[in-house]
Amino acid sequence: MADPEEDGFDAHGCCNSMKNTKHSADKPPVFNVLVTGATGYIGGRLVPRLLERGYFVRCLVRAPERLQGRTWQHAVDVAVGDVLQPDTLSAAMKGIDTAYYLVHSMTSGKDFFERDIAAARNFGEAARSAGVKQIIYLGGLESGNAELSEHLRSRQATGDTLRESGVPVTEFRAGVIVGSGSISFEMIRYLAERIPIMVCPQWVYSHAQPIGVREVLEYLLAALRVPESRGCIIEIGGADVITYKHMLLIYAEVRGLRRWMLPVPVLTPRISSYWVNLVTPIPASIARPLIEGLRNENVVKDFSARELFPDIEPVGYRTAVQRALVKLDASMVETTWSDAVRTVHGDTAPVMLSSHEGMIIEQRQRTVDASPETVYAVFSGIGGARGWFCMNWAWKCRGLMDRVIGGVGMRRGRRDPDHLRVGDALDFWRVEAVEPDHLIRLRAEMKLPGTAWLQFQVRPLEDGRALLTQMAFFAPKGLVGVLYWYALYPFHKLIFSGLIDEIARRATELPERQSVPDEG
């Protein structure tokens, strides 16, 4: 790697010749953009924003089927490849002006450091050979401490390796990214939601400068139209510098939860990772390198971001948390959480239970020998006088219990036996989304320690049959909500399995487009 001073860079990695240069608004934007990590947390949010701004977007993915369900799936060019297989990259780079590097191998095992370096080297060399003008990389904010965690060292070494290619790199360095789906924020979310009394190891008192995901995306987009950012390492953070302890307490306060923190003198990252593994969906193999990184102070020390991007004003941590929790609003369920449960194994798994973005998701699917219109006619006619098809007595008991504790119960029925509109009451549910012949989504209005949705969706298959998907979503509030879900899960498993089976059976037996027969 060349000496930074010989190449005209300052101590922070910015080109000296560009340090005091302002970009011209008249310069045309880069047109052809490659995005790696398009199925990931940041990449999946970046792609639609690039499309909105008129860029040609190509996505480099290992498994194209993982793009299914994205609203922008057919608006992008898809290149199948793997950054660890250099011979798959040249076609993806062809004609590209700027390439976003948004991949990280931390979930791939103990050798993630070596994998990161190899992947970055392959990517950089392919970009140079293809004549790519800029690489934009999102790395980790470091503390200046020589004893960095392996996780942070790999993020920094990845940026160094990309620069070795000779392609100008814009490297953004961020700490905790506040947004539903960010691993570091999800760890904070789950701990605050599920543990009323938390023991505090030493890393909880380290300072950080968390930044909202919205601002991270703005920086990534702005780098395309600010050529002065090329060749720069840019530290980005939010408006607040706070400890992880205060991040946990502020999150709990925003959620209306009371939490207590007990300091513990000695609690190693290994032991902490096992605790995180026990009380959250984050495995110890991922939690440990994250926690080791949290021991370092992650605070912005170079303020060149303000000079290069004066229009971006990061918000404080509380505001970022409040924005992240908007994901719990009903309008976000389909577009965010449905995509999250799709896997490389396809869309026909009979049942899947997962946890993502603070949401417990239970998905079931059936292939039905009927048209999508017929399947839709069945599940859109559920409830009211017709009942709930499977174990209707159990649904009535749940409604009675709800009435006893002051809830709405099952007495509201439904407005029309065959047709639903957004806003309709349906027993103890409220209709939140209706897409004729495709989807309905219901939000629970019974008393719950959290928020719940039930969604039915159907789509055609190439062989003329239909794929029926039934999804239950639950956003638990605190530990009580988590215990509530898992205590009732055996009953939910029985009821929801029977429900989707009965919908499939009725659709198979129902003449095309006729009304659904009543329960009794």
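**View 1. A positive surface patch is made up of four arginines, namely Arg 49, Arg 53, Arg 214 and Arg 225.** In this predicted model, local features need pLDDT of at least 70 and side-chain atom pairs count only at pLDDT 80 or more, whereas totals for chains, interfaces and linings use all residues. Residues are numbered from 1 along each chain as its sequence is written, and side-chain values use heavy atoms, with hydrogens and water left out. Lys and Arg count as positive and Asp and Glu as negative, while His and the chain ends are not counted. A patch consists of residues with over 30% relative accessible area and no salt bridge, where like charges are joined within 9 Å and nonpolar side chains (Val, Leu, Ile, Met, Phe, Trp, Tyr) within 5 Å; the place of a charge is taken as NZ of Lys, CZ of Arg, CG of Asp or CD of Glu. Accessible areas come from the Shrake-Rupley method with a 1.4 Å probe, and for residues only the protein chains shown count as cover. Arg 225 is found in the loop between helix H6 (213-222) and strand E11 (233-235), and it counts as partly exposed because its relative accessibility is 43%. Here buried means under 20% relative accessible area, exposed over 50%, and partly exposed in between (1.4 Å probe, protein chains only).

**View 2. Helix H6 is largely enclosed by the rest of the structure, since eight of its ten residues are buried.** Helices (H or I, at least four residues) and strands (E, at least two) are DSSP runs, numbered from the N terminus. The buried residues of H6 include Val 213, Val 216, Leu 217 and Tyr 219. Glu 215 is also buried, with a relative accessible area of 3%, and it forms a salt bridge with Arg 323 in which the closest N and O atoms are 2.7 Å apart. A salt bridge is a side-chain nitrogen of Lys or Arg within 4 Å of a carboxyl oxygen of Asp or Glu. Arg 323 is partly exposed, with a relative accessible area of 22%.

**View 3. Arg 443 and Glu 432 form a salt bridge, with their closest N and O atoms 3.6 Å apart.** Because Arg 443 lies in strand E18 (residues 439-444) and Glu 432 in strand E17 (residues 429-435), the pair ties together parts that are eleven residues apart in sequence. Arg 443 is partly exposed, at 27% relative accessibility.

**View 4. Within helix H15 (residues 478-509), Glu 502 and Arg 506 are separated by about one helical turn, being four residues apart.** Their side chains meet in a salt bridge (3.0 Å, N to O), and both Glu 502 and Arg 506 are buried. The structure holds 18 salt bridges.

**View 5. Gly 166 sits in the loop between helix H4 (150-164) and strand E6 (169-174).** With 60% relative accessibility, Gly 166 counts as exposed. Its C-alpha atom and that of Glu 125 are separated by 8.6 Å, although Gly 166 and Glu 125 are 41 residues apart along the chain.
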